[in-house]
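Work through the following exercises with the coordinates open beside you.

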Amino acid sequence: MPLTILVVEDEAAIADGITYALRTEGYVPRHVALGETALDIMRGAAPPDLVVLDIGLPDISGLDVCRRLRQFSDAPVIFLTARSDEIDRIVGLEIGADDYVTKPFSPRELVARVRVILRRLNPPPRLHAAAIPAGFELRAQEARILFRAQLLDLTRYEYLLLKTLIEHPGHVLSRAQLMDRVWADAPETLDRTVDGHIRSLRAKLRAIDPEADPIQTHRGMGYSVTP
């Protein structure tokens, strides 16, 4: 089930950029502009998995929101602020925030930080492996993959990406799931990395068989390999 991220930000343009970036990565963003509304949501029956929290809210300070949140929830918090004062940074972390981003910032950088925190708290579950699809041969001990009996010349991440896909044929994996499994040691990986590696893999597969198209794109969902 996709993870839900609560975005507490009163500037609409900033909130739109964050929610778009989160949605692109497979998360479910929920946006509110007020701290009290955020606290009500976090007290609900199905609270979001992480909170992106602006310090300068119009009703109450984001610092106060975090203090009150910590009385009943351990959900991770990433602070957003226009302030660069180190005192704010220290106070924010001391009252229970997990990270701190100063405006202006790249939404993709923020999403990368979200991913790192959630990966640490929620390691990706192991998927049930199925039979390797016809045409592929996986030699895991040698870190090699053959296609149509020909060895593919793959980079490290191309190998790990294709290995993940062919070990779970027919299983649609979102971009976020693939990044968690393949780029687990690269916290700054950005959102289009998977797409670029998929293009490279397709080119290498078609160099062996021009008619081959085993990697399927599921728009808005992710990628799979045909069983």
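Contact means heavy atoms within 4.5 Å. The structure is a predicted model, in which local features need pLDDT of at least 70 and side-chain atom pairs count only at pLDDT 80 or more, while totals for chains, interfaces and linings use all residues. Residues are numbered from 1 along each chain as its sequence is written, and side-chain values use heavy atoms, with hydrogens and water left out.

**Exercise 1. Describe the protein chain as a whole by its helices and strands, its buried share and its contacts.**

Begin with the secondary structure: the protein chain has eight helices and 10 strands, where helices (H or I, at least four residues) and strands (E, at least two) are DSSP runs numbered from the N terminus. Next, take burial, for which buried means under 20% relative accessible area, exposed over 50%, and partly exposed in between, with a 1.4 Å probe and protein chains only. Buried residues account for 45% of the 227 residues in the protein chain. Finally, consider contacts between residues at least 6 apart in sequence: 61% of them join residues at least 24 apart.

**Exercise 2. Characterise the surroundings of D54.**

Locate the residue first: D54 belongs to strand β3, residues 50-54. Its relative accessible area is 3%, so D54 is buried. Leaving aside residues up to four places away in sequence, D54 touches V8, E9, D10, G62, L80, T81 and K103. As for annotation, an unreviewed UniProt entry places the feature "modified residue: 4-aspartylphosphate" at D54; UniProt positions are given in the numbering used here, feature names are shortened, and annotations may be inferred rather than shown by experiment.

**Exercise 3. Which residues of helix α2 are buried, and how are they arranged around its axis?**

In helix α2 (residues 35-42), the buried residues are G35, A38, L39, I41 and M42. Viewed down the axis of α2, these buried residues fall within an arc of 160 degrees, so they line one face of the helix; the arc is that of the directions from the helix axis to the C-beta atoms. The packing partners of this buried set are β1 (4-8), β2 (28-32), β3 and α3 (62-69).

**Exercise 4. Determine how α6 and α8 are oriented and which residues bring them together.**

The axes of α6 (residues 156-166) and α8 (residues 193-208) come within 10 Å and cross at roughly 85 degrees. Here axes are lines fitted to C-alpha atoms, for helices over the stretch in contact, and angles run from 0 to 180 degrees between N-to-C directions. Angles under 35 degrees count as roughly parallel, over 145 as roughly antiparallel, 65 to 115 as roughly perpendicular and the rest as oblique. The helices α6 and α8 are therefore roughly perpendicular to each other. On the α6 side, Y157, E158, L161, L162 and L165 meet V194, H197, I198, S200, L201 and K204 of α8.

**Exercise 5. Examine the backbone at P104, A143 and A149.**

Most residues other than glycine have a negative phi, and most peptide bonds are trans. The peptide bond from K103 to P104 is cis, with omega near -5 degrees, and P104 lies in the loop between β5 (99-102) and α5 (107-121). A143, although not a glycine, has a positive phi of about 55 degrees, and its place is in the loop between β6 (136-139) and β7 (144-147). A149, also not a glycine, has a positive phi of about 70 degrees and sits in the loop between β7 and β8 (150-151). In accessibility, A143 counts as partly exposed at 42%, whereas A149 counts as exposed at 67%.
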